[in-house]
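Dear colleague,

I am passing on the structure we discussed, followed by some notes on what was found in it. Please read them with the model open beside you.

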Amino acid sequence: MATIKDVAKLAGVAVSTASIALNGDNKVSPSTRRKVVEAARQLNYQKNGFAMDLKRSQTKTIALILSDLSGPYYSELIRSVQEVTLSKGYDLIACSSVGGRDSTAVKFLREKRVDGAIILAHNITDEDILDAAREGFPIVVLDRVLQGEFIIQVLVDGVQGGYEAADYLIRDGHRSIAYISGPPTSYDNRQRYCGFRKALEEHGIPEMPKWNLSGGFQQEGGYQATKMLIMQGDLPTAVFYANDEMALGGLKAFAEAGIRVPDDVSVIGYDDIQLAEYTQPALTTIRQPKYEAGALSAHLLFQCVERHAVDNKDYKLSVELVERGSCRKVD
């Protein structure tokens, strides 16, 4: 088994430098870190972690790394991954990536404290994922385009979803449509916005910058963005929220301002979280295959962990429109 000395020798650096680089410390230059990481990859070096301390070859544990553990979207995803994990006799650790490179989640990746990982976290870099994935430590990435020998990607067709949401509103006669976005670094947000713009362009409808506001995929963000929309004094006839949590915040802001949904403004969300059908009015939305994406990711990960061949490493799931009561046709 390769040691840190072997890695340092191959990379042409001191042992202390190699150790610092593998810990992700910024005290070494990016070029030095790349040399050390590449040397570690070539030697299949694995840093001593909890699992190795216990002198076990496997931890019988996988990690699910998410940007946020608290939202309703994530709870269904966790449930689906957990069901597959328990059926395999493994344990599941769900951890947040808050803190980015300094987070516990990234530490898990670097030190291989689990047998594999599923990642849905835009604040973990491609570089960190590529550095971590290797034989014996497969990674499944959700909603991220990233290719590697030991990486599988599971995508949901966000462009289709964004397009269907906007096209639905346009077919109902809407010509002034606002877009409340998620974080600009989010792959999901970029895909949904791309679909939204595509629908507008196909119907010859100009996009209005004043109606493009950020809500950060948070309920409070959707509430504040909607208040901003209202304060501008020129409401669109419809609003597309890039996720349901922001739409919930939007419904609250409209209600507080005495603006009726859908009589005065139509609202469409994205995700189809459980709360969507209990709002007043019930929320029209784009349904994401949350459970299916989580279960598929776990199933693929275990195929890799158990050293079975996985021929296809690129999966794309479809979305569907769910019509409820928050949109209406306009003349």
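A residue is called buried when its relative accessible area is under 20%, exposed when that area is over 50%, and partly exposed in between. Please keep in mind that this is a predicted model.

Aspartate 126, at 33% relative accessibility, therefore counts as partly exposed, whereas arginine 144, with a relative accessible area of 10%, is buried. These two residues form a salt bridge in which the closest N and O atoms are 2.6 Å apart, and the pair links distant parts of the chain, since arginine 144 sits in the loop between strand 4 (139-142) and strand 5 (151-156) while aspartate 126 belongs to helix 7.

The structure holds 20 salt bridges, and one of them joins the side chains of glutamate 127 and arginine 33 at 3.3 Å, N to O. Because glutamate 127 lies in helix 7 and arginine 33 in helix 3, this pair ties together parts that are 94 residues apart in sequence. Arginine 33 is buried at 9% relative accessibility, but glutamate 127, at 33%, is partly exposed.

Conventions
Residues are numbered from 1 along each chain as its sequence is written. This is a predicted model: local features need pLDDT of at least 70, side-chain atom pairs count only at pLDDT 80 or more; totals for chains, interfaces and linings use all residues. Side-chain values use heavy atoms; hydrogens and water are left out. A salt bridge is a side-chain nitrogen of Lys or Arg within 4 Å of a carboxyl oxygen of Asp or Glu. Helices (H or I, at least four residues) and strands (E, at least two) are DSSP runs, numbered from the N terminus. Buried means under 20% relative accessible area, exposed over 50%, partly exposed in between (1.4 Å probe, protein chains only).
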